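Below are some notes on the helix packing in this model. Please read them alongside the coordinates.

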Amino acid sequence: MGKFGMLAVSFVKRQYYPHLLLTLLFVAFSGGFVSFKGLDALQAAKVMEMYAAFTGILLLTPLFMPEQDKEIWDLERSKKTSMWEIYLPRVILALLGCLLVVFLFVGRMERGGGEFDGGILFRGACCEILFLGSIGFFVSAVTNQAVIGYMAAVAYYAMNVGGTKYLGKFALFQMMKGDYGTWLYWLLGAAVLLAGGVLIRERVVRG
């Protein structure tokens, strides 16, 4: 844990803090864009799916940004440390950030007198946010360009505006329609994309 902790702290200090700050501002100013008072289940789901979902993109997509610097990438590849050991602390940090944001949003809506099942909404929102963010993560891993990762995740989000029928079980915005059963597909999709992104980096290094 000491090694993982140092890697996480170094990553935050050198590259990740602007993204954490942006996420903090995103949450802090959320009250200017959405209402948290007196929401029913569908309205609460809409807040999470249409607004809070961007948290996953903000926190998961930039995890490969240090390696965009060729000197850093070459240095990491020259060491015996496995890529998963480098990326695991980053992923855990991003996941904790996503969980915290969902907790804050759900808690704020509950304090606002909302009438919905907070536990079910929390589970669904976490899985959906992680899935959306993992798309940016995976594309960033493949291209080594965080900008392309952002574009891919936002494009997927946009595809779901009116086009969910073409995306099957992995379509977003299902909770706003009263369907809370797709969380497992989002979770499995996120797990595959996160593991796939790290595996791709590992194979690149091992040649």
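1. Basis. This is a predicted model, in which local features need pLDDT of at least 70 and side-chain atom pairs count only at pLDDT 80 or more, while totals for chains, interfaces and linings use all residues. Residues are numbered from 1 along each chain as its sequence is written, and side-chain values use heavy atoms, with hydrogens and water left out. Helices are DSSP runs of H or I with at least four residues, numbered from the N terminus.

2. Length of H7. Helix H7 covers residues 146-159, 14 residues in all. The expected span, 1.5 Å times one less than the number of residues, comes to 20 Å, and the end C-alpha atoms of H7 are 20 Å apart, in agreement.

3. Faces of H7. Ala146, Gly149, Ala153, Tyr156 and Tyr157 are the buried residues of H7, where buried means under 20% relative accessible area, exposed over 50% and partly exposed in between (1.4 Å probe, protein chains only). Seen down the axis of H7, these buried residues fall within an arc of 105 degrees, so they line one face of the helix; the arc is taken over the directions from the helix axis to the C-beta atoms. The exposed residues Val147 and Met151 sit on the face of H7 turned away from the buried side.

4. Neighbours of H7. The buried residues of H7 pack against helix H2 (41-52), helix H3 (54-60) and helix H6 (118-143). Contact here means heavy atoms within 4.5 Å.

5. H5 and H6. Helix H5 (residues 83-111) packs with H6 at an angle of about 140 degrees, the axes being 10 Å apart. Axes are lines fitted to C-alpha atoms, for helices over the stretch in contact, and angles run from 0 to 180 degrees between N-to-C directions. Residues of H5 including Leu95, Leu99 and Phe103 meet a set in H6 that includes Leu121, Phe122 and Ile129. By class, this contact has 15 nonpolar, one polar and one charged residues; Ala, Val, Leu, Ile, Met, Phe, Trp, Tyr, Cys and Pro count as nonpolar, Asp, Glu, Lys and Arg as charged, and the others, Gly among them, as polar.

6. H2 and H5. The angle between H2 and H5 is about 145 degrees, with axes 11 Å apart. Ala44, Val47, Met48, Tyr51 and Ala52 in H2 meet Val102, Phe105 and Met109 in H5. That contact has eight nonpolar, no polar and no charged residues.

7. Ala191. This residue is found in helix H8 (residues 183-206). Ala191 is partly exposed, at a relative accessible area of 45%.

How values were computed: Helix = DSSP H or I, 4+ residues; strand = E, 2+ residues; numbered from the N terminus.
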